[in-house]
Amino acid sequence: MPDTLLDVNLQQVADQELAGTWRVASRVLSQADPTTALACATQLQLQPQQLVLVLDDSSVVGHWSVERDALLSRPYLQLSLPEQTTMALVTRLRRSAMSGQRALTLYFHSGMELQLVQP
């Protein structure tokens, strides 16, 4: 039986809790260009000061950081890649109490939504 995932308060989550290797579990492209590296990624590796997007046959290296809005302290991921710079609102972070499973939902200005999971 899988562990139940519990919502994490995004206003109190430490930026480093977003780091790690995330597998893309699902994506909704909406109006987003389906040919961009982010739209094609199978994995996002949020390492200290470095972002690695893993694609089916290659990888793209860039940088990432966390920014927060002044009013509600909501976290946004600032993603800088050679071909693209974008921001994504972290809309949900969930984790299990026992097994270390985590799920992260990112919503981009383009309308793309990524559902990421660990491990």
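What follows is a set of questions and answers about this predicted model.

Q: What makes up the protein, in terms of helices and strands?
A: There is one helix, and there are nine strands. Starting at the N terminus, the order is β-β-α-β-β-β-β-β-β-β.

Q: Why is the protein called as compact as a globular protein of its length?
A: Its radius of gyration is 14 Å, and the globule rule gives 14 Å for 119 residues. As for the box that the C-alpha atoms fill, that is roughly 40 × 35 × 30 Å along the principal axes.

Q: How much of the protein counts as buried, and what supplies the area it exposes?
A: Of the 119 residues, 39% count as buried. The protein exposes about 6800 Å², with carbon and sulfur atoms supplying 51% of that.

Q: What do the charged side chains look like, taken as two sets?
A: There are 8 positive and 11 negative side chains, and the centres of these two sets are 8 Å apart.

Q: Why is Trp22 called buried?
A: The label needs a relative accessible area under 20%. Trp22 comes in at 0%, so it counts as buried. You'll find this residue in strand E2.

Q: What does Trp22 touch, leaving out residues up to four places away in sequence?
A: Quite a list: among them are Glu17, Leu44, Leu46, Leu93, Arg102, Leu104 and Val117. Gln118 is another one of them. Trp22 and Gln118 are 96 residues apart in sequence, yet their C-alpha atoms are 5.4 Å apart in space.

Q: How do you know whether Leu46 is buried or exposed?
A: Check its relative accessibility, which is 3%. Buried means under 20%, so Leu46 gets that label. Leu46 is part of strand E3, and its contacts beyond four places in sequence include Leu18, Trp22, Trp64 and Leu77.

Q: How far from Leu46 is Tyr107?
A: These two are 61 residues apart in sequence, and 16 Å apart in space from C-alpha to C-alpha.

Q: Why does Gln45 count as buried?
A: Its relative accessibility is 16%, and the limit is under 20%, so Gln45 counts as buried. Gln45 is also in strand E3, residues 43-47.

Q: Which side chain does Gln45 meet in a polar contact, and what else does Gln45 touch?
A: The side chain of Gln45 makes a polar contact with the side chain of Gln47, at 3.1 Å. Setting aside residues up to four places away in sequence, Gln45 touches Gly20, Thr21, Gln50, Leu51, Val52 and Val54.

Q: Why is Asp69 called buried?
A: Its relative accessible area is 18%, and anything under 20% gets the label, so Asp69 is buried. Asp69 sits in the loop between E5 and E6.

Q: What does the side chain of Asp69 reach?
A: It reaches the backbone nitrogen of Ser73, at 2.8 Å. Ser73 lies in the loop between strand E5 (59-68) and strand E6 (75-80).

Q: Why is Ser73 called partly exposed?
A: Its relative accessible area is 24%. Buried needs under 20% and exposed needs over 50%, so Ser73 falls in between. Ser73 also has a phi near 60°, a positive value in a residue other than glycine.

Q: What makes Ser30 count as exposed?
A: The label asks for over 50%, and Ser30 has 53% relative accessibility, so it counts as exposed. Ser30 is in the loop between strand E2 (20-28) and helix H1 (37-40). Its phi is positive, about 50°, although Ser30 is not a glycine.

Q: Where is a cis peptide bond found?
A: The bond from Gln118 to Pro119 is cis, with omega near -15°. Pro119 belongs to the segment after strand E9 (113-118).

Terms used: Residues numbered from 1 in each chain as written. Predicted model: local features only at pLDDT ≥ 70, side-chain atom pairs only at ≥ 80, totals over all residues. Heavy atoms only, no water. Helix = DSSP H or I, 4+ residues; strand = E, 2+ residues; numbered from the N terminus. Rg over C-alpha atoms; globule rule 2.2 N^0.38 Å. Buried < 20%, exposed > 50% of the residue type's maximum accessible area, 1.4 Å probe, protein only. Areas by Shrake-Rupley, 256 points an atom, 1.4 Å probe, with all protein chains shown as cover. Lys, Arg positive; Asp, Glu negative; His and termini not counted. Charge placed at Lys NZ, Arg CZ, Asp CG, Glu CD. Polar contact = N/O pair within 3.5 Å; in protein donor to acceptor, adjacent residues only side chain to side chain. Contact = heavy atoms within 4.5 Å.
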